[in-house]
Each structure stands twice: as structure tokens, then as C-alpha cells.
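Subject: Structure for your review

Dear colleague,

A short account of the findings follows it.

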Amino acid sequence: MTNAGDNGHMTARPEVPRYNVRVEMPHISGTSEWSAAAKALQQGLAEQASLLVTERQIEFVTRQRRDYVRISATVEAAHVAEAAVIMWAVLQQAMGEDATGWDTAAASAEIRPARPVDRQR
């Protein structure tokens, strides 16, 4: 028995675009709180399971006497705006209720199309 419209061919799931997203956000509390905030954010990111956000990397940078966190990830999304929203949601969840030490208003993001994944033949 065949279903209506079944021509005997399997159709592959349409490929969802992938984006490389990098967010940089300054820390606004003092130096003594920096270490604890950085560890908490790193742990929050590590504890999250997401099929949409993969290849996460986190760097801690000091530049011009300010501490920053730089988070990079690959995000599956329909378009660039959705990639930004997904990444921001992941960061907010990782920060949890202790987001007060992060200058979220000064955060910046860079989003680029990811290279296509090599397909096995």
C-alpha cells in the first residue's frame, strides 16, 4: 500500500542553514568577582544541552582594563536574526539570575554563514 503522493522515493530533510555566531560581552563588576562570574558562565554554558547550538567555545579576555567574555558557537537557524535570538537565549540561560555583573547593553555579536558540512558519499 502506498500513500497518496508517494512515488517510492525517500526525501531528505531540508538542510537548515548554520551560522557561526560570536558574542562579546564586558563584565562590569570588580576584578575579585570576575573569576567567579566567569566560572559560573562557563559552567552554565557547559550544562546546557542544545541540538541547535554546537561547537561552543568560551574565551576570557582583558582589554583596556576591562574583562570580557567571548563566546563562539555554531547555530542552526532559518536566518541570521533567528541565529542571534537563539544564541542570546542560550547566554541568558547560562547567566541565570546573576546577569547583573555582565554589561548586556554593551554586548556585540558577529554572525556569519557557516561552511557547509562535508557530506559523506
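What is the mean pLDDT of the protein chain, and what percentage of its residues reach 70 or more? This is a predicted model; the mean pLDDT of its protein chain is 82, and 82% of the residues reach 70 or more.

The largest nonpolar core has 23 residues, of which L41, V75, M87 and W102 touch the most other members. At least two residues of this core come from each of β1 (18-27), α1, β3 (66-76) and α2. Helix α2 provides the largest share, with seven residues. With neighbours within four places in sequence left aside, L41 is in contact with I58, V69, I71, L91, A94, M95 and W102.

Is V80 buried, exposed or partly exposed? Its relative accessibility is 41%; because buried means under 20% and exposed means over 50%, V80 counts as partly exposed. Residues up to four places away in sequence not being counted, V80 touches Y19 and I111. V80 and R18 are 62 residues apart along the chain, and 9.1 Å separates their C-alpha atoms.

Yours sincerely,
A colleague

Conventions
Residues numbered from 1 in each chain as written. Predicted model: local features only at pLDDT ≥ 70, side-chain atom pairs only at ≥ 80, totals over all residues. Heavy atoms only, no water. pLDDT = per-residue confidence, 0-100. Buried < 20%, exposed > 50% of the residue type's maximum accessible area, 1.4 Å probe, protein only. Contact = heavy atoms within 4.5 Å. Core = buried A, V, L, I, M, F, W, Y, C linked by side-chain atoms within 4.5 Å. Helix = DSSP H or I, 4+ residues; strand = E, 2+ residues; numbered from the N terminus.
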